Amino acid sequence: MSKSKLTREEALNFHLEPTPGKWEVQATVPMTTQRDLSLAYSPGVAVPCEEIAQNPELAYDYTNKGNLVAVISNGTAVLGLGNLGALGGKPVMEGKSVLFKRFADVNSIDIELDTEDPDEFCKAVKLMGPTFGGINLEDIKAPECFIIEQRLKEEMDIPVFHDDQHGTAVICAAGLLNALHISGKKIEDVKIVLNGAGAAGIACIELLKSMGARHDNCIVCDTKGVIYQGRTEGMNQWKSAHAITTELRTLEEAMKGADVFLGVSVKGAVTQAMVEAMAPNPVIFAMANPDPEITPEEAHEVRPDAIVATGRSDYPNQVNNVLGFPYLFRGALDIHARAINDEMKIACAHALAQLAREDVPDEVAVAYGKTLKFGRDYIIPTPFDPRLIYRIPPAVAKAGMDTGAARRPIIDMDAYELNLKTRLDPTASILQGLSARARAAQARMIFAEGDDPRVLRAAVSYQRSGYGKSLVVGRVDDVKAKLEAAGLGDAVNEIEVVNAANTEHLDSYKELLYSRLQRKGIDKSDVHRMAARDRHIFSSLMLAHGHGDALVTGATRKSAHVMSRINRVFDADADTGAAGVTAVMHKGRIVLISDTLVHEWPNEEDLANIAERAAGVARHLGLEPRVAFVSFSTFGYPVSERAEKMHLAPSVLDRRGVDFEYEGEMTVDVALNSRAQEAYPFQRLTGPANILVVPARHSASISVKLMQEMAGATVIGPILAGVGQSIQLCSTGATANDILNMAILAACKVG
């Protein structure tokens, strides 16, 4: 799998567009009428104010406190970049805030405090306490981070959690539980060597000791070697707590016979000789970022029996904090916790370890492009496992309840788990799954419109993101000039620019085209003009000859024009059963609408074809298809010949014996709303439809564009299905990111 490459321009554009930064604030109540305003502000707001003043607990009921976490930093230890200051660290803290929302539906706000004085910092955070349900401290250098966290935990009555310490420690502990399980060792017996006595290192060793590791079996090293009883150089009270009586003085000496190595230090700190000297079945957690203390390849070269984890996503067993902090806070917030204590952290580690031992759901295997099975290369769950949200928080909440940290215990745990299952936006994991599948596919992607800067930016992103090779149809000098204008001049040597003048295959392209069109009034000179001058036809011919694996086009011309060109080379029309399926994503729901591309006015047989094509797309996206044939009437009322074909289409599918749910005809509200469906107990859908088959292309287009403009829905497509080759069309208003998304769909052969 090729590595992803990010450029400065991409990173800056990502933070600049569509609006500066990474999050915004939205109201959760209506704010349209005078009555709404009177309830939201004055005089209505006085009522909850008085209630909370009498009983502070009610803040969790009448305000957003119970689902609001502050990410607070002074920017003194930013992401391995050092002391960038409060403002320099803000993009990281915004990023942390959106991770809270993405993975656990926790609302989060970033706060950067412009002070390096622990007293000032603690005072500021403590004064803000009433606002939040929890505090996530981030990127504060050691040893101040220890002082700050300890003081705030003592002085505040909400969870205070320094993620750089405890987030790493929890995931590390989860992985270690499983690594020891596989190697048949017990935590109380193993010899553990830790290299790196900063915030994360100290937290790791403290958590492991509270889980059963013996003090005398744990050797902690820093830049000056082993921390031993009596050492004076470079010491502080946190290091001293882990000093042991030993003759060992260097990391090299400490590694002899060690069962476990934990590294939170620097690239290259561990040599192959050190690994060779470890005990049988050694466990190596080389967690330095971005480069580990020793790479898995280097470790396995000398010790094939080693179990290796790193902090990187491009190796197996990633120790990733996003597996911990969102779910720890989700569980803590849901019991209105006073703190996140050791028992809650240990419960989180055990729940993560247990999850990795269970069968991995199909959608995770599909997303990662490989089957994951508990073992040496899979000891920690993946961040995109959909079970995390409903498995980890209940374990954390239960531990909080058992240890008296809960203000409001959860009575019905089953109902709580069900509630958690519905919290997350399924579209995010669908898109992530497609990205992972595209990386595994490594498709050679043909971008037909190399004269458009958006297409060029998408092509560069496609290749640099590690999805595969970008083949751009255009003139080399024109492509070069446009890439330079976009600040991507160096990319011209990475992508491949193809055109009729520089290909050796033009004659065979023309032969194929002539064989298809010779009985349709097209002569050889027409064929030459088409193949040599029309980029849509040229790109289609490249694809037909296997000189690329998939094709993206349509950003510069209307889809009807592009379809007419593609049809010169492929059978991509209504008669051959092609269809366009558009995915509309809004507020955590995904609905496919079709046909949005091919059929002008389909009959019932066509509608059944469209339903089958859409069901295929749904399954490619990881959805179980539920098709509704929609109209302005529901099950025969009001009577209209316009709705008749929608009434007949399900009986066509009855005859065909398809293997997905379908029903119709019905109005859109009945299709999408399970409450409305209850009025028709005979209908066959087991829940809201996720595929709407509409009567005609114009109604499909109106529906999609209305959702896009009025509701701000994310629209992907139309996805061209049923052509036998992977071709995707963008809209003329597509951004570079939209074009990249269509390329990812094409790489995954969706449709």
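Leaving aside residues up to four places away in sequence, Ala649 touches Glu604, Leu607, Ala608 and Phe629 (contact means heavy atoms within 4.5 Å). Before going on, keep in mind that this is a predicted model, where local features need pLDDT of at least 70, side-chain atom pairs count only at pLDDT 80 or more, and totals for chains, interfaces and linings use all residues. Residues are numbered from 1 along each chain as its sequence is written, and side-chain values use heavy atoms, with hydrogens and water left out.

Ala649 belongs to helix α28, residues 641-656. Helices here are DSSP runs of H or I with at least four residues, strands are runs of E with at least two, and both are numbered from the N terminus. Ala649 counts as buried because its relative accessibility is 0%; buried means under 20% relative accessible area, exposed means over 50%, and partly exposed is in between, using a 1.4 Å probe and protein chains only. Val460 sits 189 residues from Ala649 along the chain, and their C-alpha atoms are 44 Å apart.

Strands of a sheet pair through backbone hydrogen bonds, either parallel or antiparallel. Here β17 (residues 626-630) and β19 (residues 691-693) pair in the parallel sense over 3 bridges, where pairing needs at least two DSSP bridges between two strands. Ala628 has Leu692 of β19 as its bridge partner.

On to charges: the count comes to 44 salt bridges, each being a side-chain nitrogen of Lys or Arg within 4 Å of a carboxyl oxygen of Asp or Glu. Here are some of them.

| Pair | N to O distance |
|---|---|
| Arg231 and Asp222 | 2.6 Å |
| Asp291 and Arg312 | 3.0 Å |
| Glu624 and Arg619 | 2.9 Å |

Asp291 is in the loop between β9 (283-286) and α14 (296-302), while Arg312 is in the loop between β10 (307-310) and α15 (325-334), so this pair ties together parts that are 21 residues apart in sequence. Asp291 is partly exposed, at 28% relative accessibility. Arg231 is buried at 9%, and Asp222 is buried at 12%. Arg619 is partly exposed at 34%. Lys90, Glu94, Asp110 and Glu112 are linked in a salt-bridge network.

As for α15, 10 of its 10 residues are buried, including Phe325, Tyr327 and Arg330. His336 follows α15 and has a positive phi, near 50 degrees.

Finally, Trp23 lies in the loop between α1 (8-16) and α2 (34-40) and is partly exposed, with a relative accessible area of 31%.
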